[in-house]
Amino acid sequence: MNSSSEKDWKLVWDTLVIGVREHVRHSGFSDVVLGLSGGMDSSLVAAIGVDALGKGHVHGVLMPSPWSSEGSIRDALDLAANLNIETHTIPIAPLMKAYEEALAPIFAGTEPNVTEENLQSRIRGALLMALSNKFGWMLLATGNKSELAVGYCTLYGDLNGGLAPIADLYKTEVYKVAEWYNSKAGQDIIPRAVFEKAPSAELRPGQKDEDSLPPYAHLDRILHALVEEGLTPKEIDLPDISSEQIREVADMLRRAAFKRRQAPPLLDVSGRAFGIHVE
């Protein structure tokens, strides 16, 4: 994206930290909870939460499935150790099996598809909301702007939350903020492995985000043109990206509007944020 290199990442960071602190406290909460997947988005949100509220007020939850890699679990635990935050681990395989058995009579004769993948996200969302209700912790959603734009997120699953701190940062920007944060800290608080692995929701064996989406370097440039610049697909001229891919992304953006209308409030750092903004 043309504007990413022009952004003041310290200003973005300070805006996010202050926004989280004020929204959480104004809403009557002192603590937050979030799912820790070992990926970049949840790692950055956890770091923001610690800067905003203090390490004793951030609670991370690992919810591994049979498809969760050992590397992702290790990365989540390493991040939590570096931030010195409390973690809880709740394996979801038994819950997945219970859903499978309950739905088996109705699903008979059908093949597994995105339905079963989304159930994993909804199981995790229900567990996180249970902890939020039980202990009075606000749930932080960890999705980014790229996902929200094209609907690469699950209603009543990873869209659950009282605040979505990074939902106005494109995926490529999330990495830039994370690099800035580690540089500021003088060490890799967010583990280097998190930067190096391919983004994945790990909802099926070998899954990668790019199985469903264009590479984020392309996706975010297209979205920036559509959202920030307000261009139509026909007006967008990106020499290394096909007009067909631009039209496909524009169609995903249009079709995902119903999800964005049900997303948590977010912190506006672009001036062209989706949905409800925290005041």
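**Rings and strands**

Reply: Trp13, Trp180 and Tyr181 form one aromatic cluster. Keep in mind that this is a predicted model.

Me: How many aromatic pairs does a search of the whole structure find?
Reply: The search finds four. In one of them, the ring centres of Trp13 and Trp180 are 6.0 Å apart, with the planes at 40 degrees.

Me: Why is that pair of Trp13 and Trp180 called tilted?
Reply: The planes sit at 40 degrees, so the pair counts as tilted. Stacked needs under 30 degrees, and edge-to-face needs over 60.

Me: Which helices do Trp13 and Trp180 lie in?
Reply: Trp13 lies in helix α1 (residues 9-26), and Trp180 lies in helix α7 (residues 171-185). The pair therefore ties together parts that are 167 residues apart in sequence.

Me: Is Trp13 buried or exposed?
Reply: Trp13 is buried, and its relative accessible area is 1%.

Me: What about Tyr175 and Phe195?
Reply: Tyr175 and Phe195 form an edge-to-face pair. The centres are 6.3 Å apart, and the planes are at 65 degrees. Tyr175 is in helix α7 and Phe195 in helix α8 (residues 192-196), so this pair links distant parts of the chain, 20 residues apart.

Me: And Phe195, buried or exposed?
Reply: Buried, because the relative accessible area of Phe195 is 13% and the cut-off is under 20%.

Me: New topic. Which charged end sits over the ring of Phe274?
Reply: The charged end of Arg260 does, 4.7 Å from the ring centre. Lys145 also lies over the face of Phe274, at 5.7 Å from the ring centre.

Me: On to the strands. How many residues of β2 are buried?
Reply: Five of the five residues of β2 (residues 58-62) are buried, so the strand is largely enclosed by the rest of the structure.

Me: Which residues are on each side of β2?
Reply: Val58, Gly60 and Leu62 are on one side, and His59 and Val61 are on the other.

Me: What joins β1 to β2?
Reply: Four bridges join β1 (residues 31-35) to β2, and the two strands run parallel. Val32 has Val58 as its bridge partner in β2. Between β1 and β2 the chain crosses through helix α2 (residues 40-53), in a right-handed β-α-β crossover.

Me: How many bridges join β2 to β3?
Reply: Four, and β2 and β3 (residues 86-89) run parallel. Val61 stands opposite His88 in β3. The chain crosses from β2 to β3 through helix α3 (residues 70-83), and this β-α-β crossover is right-handed.

Key: Residues are numbered from 1 along each chain as its sequence is written. This is a predicted model: local features need pLDDT of at least 70, side-chain atom pairs count only at pLDDT 80 or more; totals for chains, interfaces and linings use all residues. Side-chain values use heavy atoms; hydrogens and water are left out. Buried means under 20% relative accessible area, exposed over 50%, partly exposed in between (1.4 Å probe, protein chains only). Two strands pair if DSSP finds at least two bridges between them. A crossover is right-handed if, with the strands pointing away from the viewer, the path from the first strand over the helix to the second runs clockwise. Rings of Phe, Tyr and Trp (its six-membered ring) pair if their centres lie within 6.5 Å; planes under 30 degrees apart count as stacked, over 60 as edge-to-face and the rest as tilted. A charge sits over a ring if NZ of Lys or CZ of Arg is within 6 Å of the ring centre and within 35 degrees of the ring normal.
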